[in-house]
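Student: Please take me through this model by question and answer. Start with the terms.

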Amino acid sequence: NDLTDNCQYWVGEIYYSLKNYNQAIESFSKVFGYKSNNKGVYAQYKLGLCYLNTNQNNKAIDSFRSVISNYPRQTDLVKKSEAFIEKYK
């Protein structure tokens, strides 16, 4: 289904809002398994936030760097990612 990646992303958002960050990481990571997804940049960014919330700062920085390198046109999330990298490097 064309919306499967969206559904998977929102499952991650539910876990994130419940502060179940490990489940959110698992859910957001699955978004990348769908060939044509339109939630990749958002999932990548949220992975960074999940990693910060689980004190995995190096993984968070890697996730934010992926946002910058893989989605340079998403200027809002790129700027936020750059700020997190600067803060936690």
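Tutor: Helices (H or I, at least four residues) and strands (E, at least two) are DSSP runs, numbered from the N terminus. The model is predicted: local features need pLDDT of at least 70, side-chain atom pairs count only at pLDDT 80 or more, and totals for chains, interfaces and linings use all residues. Residues are numbered from 1 along each chain as its sequence is written, and side-chain values use heavy atoms, with hydrogens and water left out.

Student: Is Asn55 buried or exposed?

Tutor: Buried means under 20% relative accessible area, exposed over 50%, and partly exposed in between (1.4 Å probe, protein chains only). Asn55 has a relative accessible area of 69%, so Asn55 counts as exposed.

Student: What is the phi of Lys19?

Tutor: Lys19 lies in the loop between H1 and H2. At 61% relative accessibility, Lys19 is exposed. Lys19 is not a glycine, but its phi is positive, near 65°.

Student: How many helices does the protein have?

Tutor: Read along the sequence, the pattern is α-α-α-α-α. There are 0 strands, and the number of helices is 5.

Student: How many of the residues of H3 are buried?

Tutor: H3 is mostly covered. Its buried residues include Val41, Ala43, Tyr45, Leu47, Leu49 and Leu52. The cover includes H1, H2, H4 and helix H5 (75-88). Of the 14 residues of H3, the number buried is 12.

Student: How far apart are the end C-alpha atoms of H3?

Tutor: The expected span is 1.5 Å times one less than the number of residues. For the 14 residues of H3 that gives 20 Å. The model agrees, since the end C-alpha atoms are apart by 20 Å.

Student: What is the relative accessible area of Gln44?

Tutor: Gln44 sits in helix H3. Leaving out residues up to four places away in sequence, Gln44 touches Phe32, Ser63, Ser66, Val67 and Tyr71; contact means heavy atoms within 4.5 Å. Gln44 is buried, because its relative accessible area is 11%.

Student: Which helices do the buried residues of H2 pack against?

Tutor: H2 covers residues 21-30. Tyr21, Ala24, Ile25, Ser27 and Phe28 are buried in H2. An α-helix has 3.6 residues a turn, so residues three or four places apart point the same way. The buried residues of H2 pack against helix H1 (4-17) and helix H3 (40-53).

Student: What is the relative accessible area of Ser27?

Tutor: Not counting residues up to four places away in sequence, Ser27 touches Gln8, Val11, Gly12 and Tyr15. C-alpha to C-alpha, Ser27 lies 15 Å from Ser63, 36 residues apart in sequence. Ser27 is buried, because its relative accessible area is 5%.

Student: How far apart in space are Phe84 and Leu52?

Tutor: Phe84 lies in helix H5 and counts as partly exposed, at 22% relative accessibility. Leaving aside its neighbours within four places in sequence, Phe84 is in contact with Tyr45, Leu49, Leu52 and Phe64. Phe84 and Leu52 are 32 residues apart in sequence; C-alpha to C-alpha, their distance in space is 9.4 Å.

Student: What radius of gyration does the protein have?

Tutor: The radius is taken over C-alpha atoms, and the globule rule is 2.2 Å times the number of residues to the power 0.38. With 89 residues, a compact globule would be near 12 Å. The C-alpha trace spans about 40 × 30 × 15 Å along its principal axes. The protein agrees with the rule, because its radius of gyration is 12 Å.

Student: How much of the accessible surface belongs to carbon and sulfur atoms?

Tutor: Buried residues make up 39% of the 89 residues. Accessible areas come from the Shrake-Rupley method with a 1.4 Å probe; for residues, only the protein chains shown count as cover. The accessible surface comes to about 5600 Å², and the share of carbon and sulfur atoms is 47%.

Student: How far apart are the mean positions of the positive and negative charges?

Tutor: Lys and Arg count as positive and Asp and Glu as negative; His and the chain ends are not counted. Each charge is placed at NZ of Lys, CZ of Arg, CG of Asp or CD of Glu. There are 12 positive and 8 negative charges, and their mean positions are apart by 3 Å.
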